[in-house]
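Here is a short tour of a single chain, written for someone who likes to check the geometry. Keep the viewer open as you read.

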Amino acid sequence: MKVGIIRCQQTEIYCPATTCLSMAAKGEGGFSETGPVEVIGVNSCGGCPGKQVHARAMEMKKRGAEKIVLASCIFKGSPGSLEFPCPFANKLKKLVEEKAQMSTIDWTH
């Protein structure tokens, strides 16, 4: 399966998505139901309140993604501090599912 990963823009300055990519390759964590996947791209949500999430999901769909993975920083919180999940997480999921017409995985690790 091919997936695109969308993560929080605020975390990309200190998180290179290493653990997200490792979990995808191993089929572990949020990928335990799919098994190992091919990541065709990693992008951010576009900044609060996720104003680019569906456009970015649609672009990844054009490039072969079958699902969009909302990285753990969105639903669980920023790396190293799981106290601050995105307050727009459910809206981002809804936008991807309705506007980009793609199913989602809600976390990576």
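## A question to begin with

Which residue just after α1 takes a positive phi? It is G27, with a phi of about 75 degrees.

Before going on, a word on where the values come from. This is a predicted model, in which local features need pLDDT of at least 70 and side-chain atom pairs count only at pLDDT 80 or more, while totals for chains, interfaces and linings use all residues. Residues are numbered from 1 along each chain as its sequence is written, and side-chain values use heavy atoms, with hydrogens and water left out.

## The chain as a whole

The secondary structure comes to four helices and four strands. Helices (H or I, at least four residues) and strands (E, at least two) are DSSP runs, numbered from the N terminus. Read from the N terminus on, the elements run β-α-β-α-β-α-α-β. The chain has a radius of gyration of 12 Å, close to the 13 Å that the globule rule gives for 109 residues, so it is as compact as a globular protein of that length. Here the radius is taken over C-alpha atoms, and the rule is 2.2 Å times the number of residues to the power 0.38.

Along the principal axes, the C-alpha atoms fill a box of roughly 30 × 30 × 20 Å. Of the 109 residues, 42% count as buried; buried means under 20% relative accessible area, exposed over 50%, and partly exposed in between (1.4 Å probe, protein chains only). The chain exposes about 5900 Å², and carbon and sulfur atoms supply 51% of that area. These areas come from the Shrake-Rupley method with a 1.4 Å probe; for residues, only the protein chains shown count as cover. Among contacts (heavy atoms within 4.5 Å) between residues at least 6 apart in sequence, 69% join residues at least 24 apart.

## The sheet

The four strands form an open sheet in the order β2-β1-β3-β4, with parallel pairing. Two strands pair if DSSP finds at least two bridges between them. At the edges are β2 and β4, each of which pairs on one side only. From one strand to the next, the twist averages 30 degrees, with axes fitted as lines to C-alpha atoms (for helices over the stretch in contact) and angles running from 0 to 180 degrees between N-to-C directions.

Six bridges join β1 to β2, which run parallel. To find your place along this pair, look for I6, which stands opposite N43 in β2. R7 also lies in strand β1, and at 11% relative accessibility R7 counts as buried. Leaving aside residues up to four places away in sequence, R7 touches E12, C15, P16, A17, V42, N43, S44, C45, A71, C73 and I74.

In helix α1 (residues 18–26), C20, M23 and A24 are buried. They cover an arc of only 100 degrees around the axis, which puts them on the same side of α1; the arc is that of the directions from the helix axis to the C-beta atoms. An α-helix has 3.6 residues a turn, so residues three or four places apart point the same way.

What do the buried residues of α1 pack against? Their partners are β1 (2–7) and β2 (38–44). On the other side of α1, T18 and A25 are exposed.

## Backbone details in the loops

Most residues other than glycine have a negative phi, and most peptide bonds are trans. A17, in the loop between β1 and α1, has a positive phi near 65 degrees. At 3% relative accessibility, A17 counts as buried. Q101 also has a positive phi, near 55 degrees, and is found in the loop between α4 (89–99) and β4 (103–105). Q101 counts as exposed, at 63% relative accessibility.

A cis peptide bond joins C48 and P49, with omega about 5 degrees. P49 is found in the loop between β2 and α2 (53–62).

E66 is placed in the loop between α2 and β3 (67–70) and is partly exposed, with a relative accessible area of 47%. E66 and T104 are 38 residues apart in sequence, and their C-alpha atoms are 9.2 Å apart in space. Not counting residues up to four places away in sequence, E66 touches M1, K2, M102 and S103.
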